[in-house]
Amino acid sequence: QVQLVESGGGLVHPGGSLRLSCAASERTFSSYVMGWFRQAPGKEREFVAAISRSGSTANYADSVKGRFAISRDNAKRTVSLQMNSLKPEDTAVYYCAAGAWLTTNDNYNYWGQGTQVTVSS
């Protein structure tokens, strides 16, 4: 059982930046693909970004490409999401997830509790 704990959410003005982090309890963290998803009020959960086990490959949703960057540190068992040029439409609860496949669907095995990101002036 992998436990994931997100941090770093908050309130930011449009155009600002935030860095989300996700800490994993599992010593075999490096064996998991890691992803970030988000869910806005009244909307379905959607894919944001994912990164391969080694960190050599990353995928992004079109809506965040060029603004967000996912990275991981296998020694520290953490995955991060650097979010720049934030827009009001990025407002959502952001979830960290661990799984077996580098995929954009939500077929991940383990999920964190989420962290709120609000972009507003």
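**A buried disulfide and its surroundings**

The model is predicted, so local features need pLDDT of at least 70 and side-chain atom pairs pLDDT 80 or more, whereas totals for chains, interfaces and linings use all residues. Residues are numbered from 1 along each chain as its sequence is written, and side-chain values use heavy atoms, without hydrogens or water.

User: Which handedness does the disulfide of Cys-22 and Cys-96 have?

Analyst: The sulfur atoms of Cys-22 and Cys-96 lie 2.1 Å apart, and a disulfide is a pair of cysteine sulfur atoms within 2.5 Å. Because the torsion about their S-S bond is about -75°, the disulfide is left-handed.

User: How many residues apart in sequence are the parts that this pair ties together?

Analyst: A search of the whole structure finds 1 disulfide. Since Cys-22 lies in strand S3 and Cys-96 in strand S9 (strands being DSSP runs of E, at least two residues), the parts tied together are separated in sequence by 74 residues.

User: Is Thr-103 buried or exposed?

Analyst: Thr-103 lies in the loop between S9 and strand S10 (110-111). Leaving aside residues up to four places away in sequence, Thr-103 touches Phe-47, Ala-50 and Tyr-108, where contact means heavy atoms within 4.5 Å. Because its relative accessible area is 17%, Thr-103 is classed as buried.

Key: Helices (H or I, at least four residues) and strands (E, at least two) are DSSP runs, numbered from the N terminus. Buried means under 20% relative accessible area, exposed over 50%, partly exposed in between (1.4 Å probe, protein chains only).
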